[in-house]
Amino acid sequence: MNRFLLGAFGALLLFAAGLFWFQGRATQEAIDAPPPPEPELPVEPVLPVVDTKGLRGPAPPEATERSREQRRFDRQDRNGDGIISRVEMMSNRTAAFKKIDTDGNNLLTFEEWAVTTSARFAGADRNRDGQLSRDEFATTKPKPKRPGKCDC
């Protein structure tokens with residue numbers, strides 16, 4: 001048994017010595033940086049001359065007033081291809097999901113959803129009768145975001 005332990009200790013010692021030797025040999029030698037290139041003499045740029053008589057460029061594009069729905073569509077269309085994919089549609093819902101996901105594990109349990117929904121219902125039910133009238137339901141409408149302060 002002692003020979004076995006002594007052999008294992010010797011192998012471990014040889015391995016450690018080899019590791020330290022390898023690390024010492026792996027260091028890089030300092031290499032001098034190449035000398036900077038010699039500056040070239042400045043050359044005056046020669047601009048081309050073109051006769052533009054009789055030439056006319058394309059008309060500038062006209063700015064059109066986009067409707068509210070067009071602007072809303074463009075906000076959803078993240079890559080600008082004119083089509084809204086499922087991923088693009090769901091990407092702006094992450095903040096709302098994180099608000100409901102109270103334990104932060106990116107899994108929405110029924111209990112988390114139920115607590116949030118019950119609290120929202122209780123906040124809208126002003127007369128505490130367990131039912132929402134049209135006026136009470138109108139209070140659950142999301143509030144429009146106010147534009148941020150401009151740092152112009």
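**View 1. Nonpolar surface patch formed by Met1, Phe4 and Leu5.** In this predicted model, Met1, Phe4 and Leu5 make a nonpolar surface patch of about 410 Å². Patch residues have over 30% relative accessible area (Shrake-Rupley method, 1.4 Å probe) and no salt bridge, with nonpolar side chains joined within 5 Å. Leucine 5 belongs to helix H1 (residues 2-25); helices are DSSP runs of H or I with at least four residues, numbered from the N terminus.

**View 2. Salt bridge between arginine 72 and glutamate 69.** The two side chains meet at 3.1 Å, N to O. A salt bridge requires a side-chain nitrogen of Lys or Arg within 4 Å of a carboxyl oxygen of Asp or Glu, and the count by this rule is one. Because arginine 72 and glutamate 69 are three residues apart in helix H2, about one helical turn separates them.

**View 3. Lining of the largest pocket, by class.** The lining comprises 13 charged residues (Asp, Glu, Lys and Arg), eight nonpolar residues (Ala, Val, Leu, Ile, Met, Phe, Trp, Tyr, Cys and Pro) and six polar residues (the others, Gly among them). H2 gives the largest share, six residues.

**View 4. Model confidence.** The chain has a mean pLDDT (the predictor's confidence in each residue, from 0 to 100) of 80, and 90% of its residues reach 70 or more. Among the elements, mean pLDDT is lowest in H3 (79) and highest in H5 (87).

**Notes.** Residues are numbered from 1 along each chain as its sequence is written, and side-chain values use heavy atoms, without hydrogens and water. Local features need pLDDT of at least 70 and side-chain atom pairs 80 or more, whereas totals for chains, interfaces and linings use all residues.

Technical notes
Helix = DSSP H or I, 4+ residues; strand = E, 2+ residues; numbered from the N terminus. Patch = residues over 30% accessible without salt bridge, like charges linked within 9 Å, V, L, I, M, F, W, Y side chains within 5 Å.
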